[in-house]
Amino acid sequence: YGTLSPKIRGWLDLLALLALGIFVAAMVERAWDVTWTNFIETNRSNTNLRIPLAFPQFPWFAGILLFAVAIVLAFLRTLFALLRGDYQTARDTAGVATMDEEIESEMASLGLGKQHGGQS
């Protein structure tokens, strides 16, 4: 992956977002089915509190739905960037950091970044 051209990496990143989007779409559909069924049938938890199951499931469903929306937006931003030939935006949106970038980020978070002024 790291040795491929930015154009090919961009299209592979878009393909990965598409695959993830298909998986999350299936999760959204199943989460909605479970949540709505428990709401309609007024199913309750098997505890002494007997809380309706839909109460915690609606926020759970909303979180999965928000994840799906984020994937769609990332997909569209990456697609439009690739169509414009803006491979840097596509990489920033959907790309994977290189090993050197990861190391530099970790060093910076620990305050061990590059020293200036000849200090080591």
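Trainee: How many salt bridges does the count come to?

Mentor: In this predicted model, the count comes to 4 salt bridges.

Trainee: Which helices hold Arg 91 and Glu 101?

Mentor: Arg 91 belongs to helix H3 (residues 87-94) and Glu 101 to helix H4 (residues 99-109), so their pairing ties together parts 10 residues apart in sequence. Arg 91 is partly exposed at 25% relative accessible area, and Glu 101 is partly exposed at 34%.

Trainee: Which residues do salt bridges with shared partners join into one network?

Mentor: Glu 29, Arg 30 and Asp 33. Within it, the side chains of Glu 29 and Arg 30 meet at 3.6 Å, N to O. Glu 29 has a relative accessible area of 43% and Arg 30 has 46%; exposed requires over 50%, so both count as partly exposed.

Trainee: Is Arg 84, the partner of Asp 86, buried or exposed?

Mentor: Arg 84 is exposed, at 57%, whereas Asp 86 is partly exposed, at 25%. Their closest N and O atoms are 3.5 Å apart.

Trainee: Which residues make up the largest nonpolar core?

Mentor: In soluble globular proteins, nonpolar side chains tend to be buried together. Here the largest such core has 7 residues: Val 24, Val 28, Ala 31, Phe 61, Ile 64, Ala 68 and Ile 71.

Trainee: What does Ile 64 touch?

Mentor: Leaving aside residues up to four places away in sequence, Ile 64 touches Val 24, Met 27, Val 28 and Ala 31.

Methods: Residues are numbered from 1 along each chain as its sequence is written. This is a predicted model: local features need pLDDT of at least 70, side-chain atom pairs count only at pLDDT 80 or more; totals for chains, interfaces and linings use all residues. Side-chain values use heavy atoms; hydrogens and water are left out. A nonpolar core is a set of buried Ala, Val, Leu, Ile, Met, Phe, Trp, Tyr and Cys residues joined through side-chain atoms within 4.5 Å. Buried means under 20% relative accessible area, exposed over 50%, partly exposed in between (1.4 Å probe, protein chains only). Contact means heavy atoms within 4.5 Å. Helices (H or I, at least four residues) and strands (E, at least two) are DSSP runs, numbered from the N terminus.
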